[in-house]
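Hello,

Here is the structure I promised to pass on. Please open it first, then read my notes below.

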Amino acid sequence: MRSEKRVLCRKTVRYAMTIVAAIVVMLSSSCRRNPDLHLWDWDNPVIDLPVVDLNLEVYWDYMLISGISYDWRTEWYYGWDEEDKLIFGELGYTQPTSFNLRRYYTGDTPLAPHDKVRQATVTGHSYSAHYDWGFWDILVWNDVHTLDGIQSLIFDETTSLDYVTAYTNQSMNMAPYHAPRYQNAFYEPEALYAAYEQAIEINRNLDGFVYDEKRDAWVRTLKMMLEPITYIYLPQVILYNNNGRITMVSGTSNLSGMARTTTLNTGVSGDEPVAVYFKMRMKKDKDKDGRKADIVGGRVMTFGICGQNANRIKSYEEVKDEHRHYLDVTMQFNNGMDSTFVFDVTNQVRRRYKGGVLTIELDMDTVPTPKRSGGSGFNAVVKGVEDGGTHEFEL
């Protein structure tokens, strides 16, 4: 079951951009500096959260060949029209407007285990709170908003105060491919962004602070990097010579071998692989490099490849992935029979470790029309899928 919406927080960033958190100190002490500082009579400190834009061109910055950057739009033929937006939402990441903020006070010991947490929800980009002298750890993540008002993301903050773990529950959709522990696929998470800073020292000398005349306060600026820790994949199945043979898709699809969880503090995904359930649509007579084709496409959000922080990987050679990734799509033929097409997209997922376009090209003249219905009646498994090329099928 999908969880009811919780209060969390929403945000967008990439490594080229930083979160600026300005802590204005007003604490209980008699420390004095020029201009005079009477900490005990001041209002609470303020943390400023930035407005940062994130687009896929910036985030999917793969270098496919030396000197040549990845341009996902040249691979994406399905498009994204108003009906897609109504059904699935925006294609890429969106700018959050509210956040969850967790503060952990460790006293005089930096990097100490957390024994208590101070929670806050921030609307807008400014936050005021009290800070004691000593060391602090700060975790920020975005608030979640969905089209239907129901949220899939669930946050575990109780198992350990040192880590916050995000996960989703199982859907009602079966997951027969590379889901060894679970019979059903899991709901895809909403877009999730997080930043974590440890051992932030606020000492009585106010080292690192600058006086801000406009705020009448001493300010210290923290540079925290807010990064996506969920990853967008854009699967598309291009059907050549379809000629009305496949008339529609059921809308139920899975991408398997993806992580079941992620840790907000580290950005590292969990080690357990699951299938992620999402929906696809069929569009007819699309242009594919001057050739007409029907295209089945969609958008799936995942926690990424198991055991990885994709933001720390510089090239696909660094990816450590022990799991296969299958895309399964149920399609209906013009005789009323339906079949599940299953494609091995492992190589494409590994090369697009932060997300990207997953493309299958299928010549329908090579695919027989099934004589009976049922997802297991016809499985087309692509062997050795690369980006483009000729695919061999087992029937």
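In which strand is the place of Ala199? Ala199 sits in strand β13, residues 193-202. Keep in mind that this is a predicted model.

Backbone first. Most residues other than glycine have a negative phi. Ala199 has a positive one, near 55°. Its relative accessibility is 27%, so Ala199 counts as partly exposed. Asp289 is not a glycine either, and its phi is positive, about 55°. Asp289 lies in the loop between β21 (280-288) and β22 (291-298). At 57% relative accessibility, Asp289 counts as exposed, because the cut-off for exposed is over 50%.

Now the interior. In soluble globular proteins, nonpolar side chains tend to be buried together. The largest nonpolar core here has 71 residues. Val237, Leu239, Val296 and Met331 touch the most other members. Strand β17 (residues 231-240) gives this core its largest share, 8 residues. Take Val237. Beyond its neighbours within four places in sequence, Val237 is in contact with Asp294, Ile295, Val296, Leu327, Val329, Met331, Phe343 and Ile360. There is also a second, separate core of 16 residues. Among its members are Tyr104, Val144, Leu153 and Ile229.

Last, confidence. The chain averages a pLDDT of 80, and 76% of the residues score at least 70. Two stretches need care. Over residues 3-44, pLDDT stays under 50, and the model has 182 contacts beyond four places in sequence for them. Over residues 382-395, pLDDT also stays under 50, with 34 such contacts. Where pLDDT is low, the predicted coordinates should not be read in detail.

Best wishes

Note on methods
Residues numbered from 1 in each chain as written. Heavy atoms only, no water. pLDDT = per-residue confidence, 0-100. Contact = heavy atoms within 4.5 Å. Helix = DSSP H or I, 4+ residues; strand = E, 2+ residues; numbered from the N terminus. Buried < 20%, exposed > 50% of the residue type's maximum accessible area, 1.4 Å probe, protein only. Core = buried A, V, L, I, M, F, W, Y, C linked by side-chain atoms within 4.5 Å.
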